Amino acid sequence: MTGGLPVSVSGLCVTGAGGRVLLSVSSLALPPGALVGVRGPSGAGKSTLLYALAGLIAARGRVCWGDTDIMPLSAEKRARFRAGNIGMIFQDFLLFEELGAGDNAALSALFLPRAQRRELRARADARLSALGLGNHAGRSVASFSGGERQRVAIARAMASGAPVLLADEPTASLDRGTADRLTADLIGLVRGNGTTLVVVTHDARLIDRMDRVLTIADGALVSDEAAPHGLE
Amino acid sequence: MRYPAIIALLVLPLPAIAQDHDDHLSHHGTLHAMHAWTRASARDGTTYVFVDLENHGAAPVLIHGARSDIAQTGALVGFTLENGEARWVDIPTVPVAPGRELHLEPDALAIRLGGLTQDLHRGDTFDMHLLTGIGELDLHVAVEAAGAAQHSHAGHMH
Amino acid sequence: MAWNDVSALWQDIALTVLFLVPALLTGALVLRGYAPWPLVRAILWRFRGASALFVLLIAVSVGMGIGLLAQERGLRRGTAQAADKFDLVITAPGSELTAMLATVFLQPADMGLLDGATWDEIAGHDSVALAAPLAFGDSFGASAVVGTTLGFARYLADGQITGRPWQAEGEALIGALVPLEIGAEFTPAHGVGDAVDDHAHGDAHIRVVGRLGRSGTPWDRAILVPIETVWEVHGLANGHAPGTGRLGPPFDAAYFPGAPAVVVHSDALWANYALRSEFTRDRETMAFFPGAVLAQLYGVLGDVRQVMSLMALVTQALVAASVLLGLFILSRLFRRQIALLRALGAPARFVFAVVWCFGAALLLSGALLGLCAGVGTASVLARVVTARTDVLVAAPVGWTEIHFLAVFVSVTLLLSLLPAAIVLRQPVVQGLRS
């Protein structure tokens, strides 16, 4: 694994219906491999920042991942960029209930060029093993617990070997114990790969494990501080 | 007399090919033809020519087929129903018995002209030569509407 | 197998492929480089109830269309086959259609009679291989009693007679479906159907001596008797000078009471046409090919058939369109998954391919199931029609229906590009958040 990508954001402005400003970030730079938490009240624009970083939302300004500014790219080119560089995790997992854990984790193989499919499947299986689901790859995810499901989602997000992982409230649907175990596994995996992680969360225990914490309120970046790690 | 032209012919030195004044009738020797017609058709297509024949002679006259400058082939064909589908099959030859009539008509006998070299529009006429055992009989074929069932003068007495 | 058959087969195959080209091309373009099957299977399984209903709807509409088309052709073939033995029929002038229905399909009709001189001329003609007078008008139960010659009975049954041919007046050969046994005796009634008079021929007893082979025509229900018997039962001369004791032709013109129809068969194809010209005489005789009369009927019905095919195709396209609309509504239920695919970096064409494949799977299974349903419908209809008309109708699904299906598949697979394109236009982030 070659480690994470740095991101530099400047003049980012996302407007909603009627021209209302949903999010405005004049400048933000994150180093490769950083673990960044994004917190703030509901509706403040945290998820909007995440989607803007993923290139899923129309916005003005620059969002440079490494050397690539994704803002001028077409929707198709952004999708291609995501496929190679960005993995995403969601609060409610968004798995295909009818598929097994392995098929869910290797979902991207369905649209990759044939030559890359085998490699992606192997990596997905390795991620599942690393997350403790190595023996359950064939089981339908419909029978999985919440923690197991989110682990499958993490394996899916990281199966392509993407240097960036964007997570939207990954622990919000889990009970405390499960959330803590997932947090530990996620951080272990991300650190091990040197992946850049941006995680939007209300979960203070998760925030505590980050290198850096951004606070967003009313669509603006109001604080950007280094966080002391709860452990180590 | 049904065919006034015959009287004129009697004084001619040769039983030459003759043409009736109104184009609907013609004869060669003892074989008389009336009301040759076909249906409007497109170039490169196929059309079926119908005509009423009468043998005024004492010997049977064989009909073999036809030729025309406007078509590549001219075959004598007969109508059959095969498996519920209408079909025309080649008939090598059919005799017109002495004193008898033979009607080439829809759903019976016809001359099939294949490989038309021009479009045939309603109201056009063209020449066709019926190949018979006693020589060629020249016909002036009238083109009727695409769905016509008979010559527009059918039923008239000439 | 003749080359013509091979080339016709290849023509049909080529035409089928040609009709499928838009579908194949669409599929190839949409799917190139992707393997969306696991996802498509997953979506099909998630919406298995709705999917099954859609497939069923398509199958029923396709099946009905195919069944009707096959049935129409089967009926045409069956009726044409019924007329096979009747090369040329000569009657008194009148309606060819009525005469055709009376002779080929044994439908009662009032017809004029041909006299002995005409009979002599027909029977004695050089080109005539078989001439048989037919005398209709009597019946027994549901069976028409038809007077004719033994030659015609043999010709009709292709020589297949169980029991023995008749040897005397008062003996009968029955069609394959007549509910009488060999050896049974019956008294024919005068008239047919409602107009029957059971007592008119009270003293006439006819004995069944043989049964004809199955012909698949209404004649399978007919009872054939020597025409002399019909004449005598009606108190007429029996076609022969008194005291000769002859049965069958030649008949003596002076003692020939008349026959409503004469069936003529000649060995040379051309001879039929010549005979037709010869015996078409104003006010004397009418000669016609039952096959040509049928062909004219088919010609009239041909336009109806085309309208029917078009209507069937339009109906099916509409059913397919509503299915696709349903699909589109369904696709709103899985827009989160669609948005997820986009978030994972799936190209638009891949998402498009998933939705299109879902629709295509429903349409193709519906079309295939419809083909089976069509075969079933056609064979049931054929059995019903055969039972009701005694015209043996076989309605196998043919190339026309295959072509029809190919057009349907192509049109609907192209149509299903629409919902796929609409799904693609839904914004990703709303999808993820919904």
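Buried residues (under 20% relative accessible area with a 1.4 Å probe, protein chains only; exposed is over 50% and partly exposed lies in between) make up 56% of the 232 residues in chain A. The model is a predicted one, in which local features need pLDDT of at least 70 and side-chain atom pairs count only at pLDDT 80 or more, while totals for chains, interfaces and linings use all residues. Residues are numbered from 1 along each chain as its sequence is written, chains are lettered from A and ligands numbered from 1 in the order in which they are written, and side-chain values use heavy atoms, with hydrogens and water left out.

Chain A contains seven helices and ten strands, where helices (H or I, at least four residues) and strands (E, at least two) are DSSP runs numbered from the N terminus. Its radius of gyration is 17 Å, close to the 17 Å that the globule rule gives for 232 residues, so chain A is as compact as a globular protein of that length. Here the radius is taken over C-alpha atoms, and the rule is 2.2 Å times the number of residues to the power 0.38. Along the principal axes, the C-alpha atoms of chain A fill a box of roughly 45 × 40 × 35 Å. Among contacts in chain A with a separation of 6 or more, 69% come from residues 24 or more positions apart; a contact means heavy atoms within 4.5 Å.

Turning to the chain pairs, two are in contact, and chains A and C share the most contacts. Chain A and chain B are joined by no contact, and their closest C-alpha atoms lie 51 Å apart. The size of an interface is often given as the accessible area lost when the parts come together. Here it is computed with a 1.4 Å probe and summed over both parts.

Between chain A and chain C, 25 residues of chain A meet 24 residues of chain C. The buried area is about 2400 Å², with 66% given by carbon and sulfur atoms. On the chain A side, A:Phe96, A:Leu110 and A:Phe111 lose the most area to chain C, together 28% of what that side buries. Three salt bridges are counted between these chains, each a side-chain nitrogen of Lys or Arg within 4 Å of a carboxyl oxygen of Asp or Glu. One of them pairs A:Asp92 with C:Arg336, with the closest N and O atoms 2.5 Å apart. The elements of chain A that give two or more residues to this side are α1 (46-54) and α2 (75-85), and α2(A) gives the most, with five residues. By class, this side of chain A has 16 nonpolar, two polar and seven charged residues; Ala, Val, Leu, Ile, Met, Phe, Trp, Tyr, Cys and Pro count as nonpolar, Asp, Glu, Lys and Arg as charged, and the others, Gly among them, as polar.

The contact between chain B and chain C takes 22 residues from chain B and 21 from chain C. About 1700 Å² is buried there, and carbon and sulfur atoms give 59% of that area. Three salt bridges are counted between chain B and chain C, including B:Glu105 with C:Arg276, whose closest N and O atoms are 3.6 Å apart. On the chain B side, β6 (71-82), β7 (85-90), β8 (94-96) and β9 (101-104) each give two or more residues, and β6(B) has the largest share, four residues. This side of chain B has eleven nonpolar, six polar and five charged residues.

Terms used: Buried area is the accessible area (1.4 Å probe) that two parts lose on being put together, summed over both.
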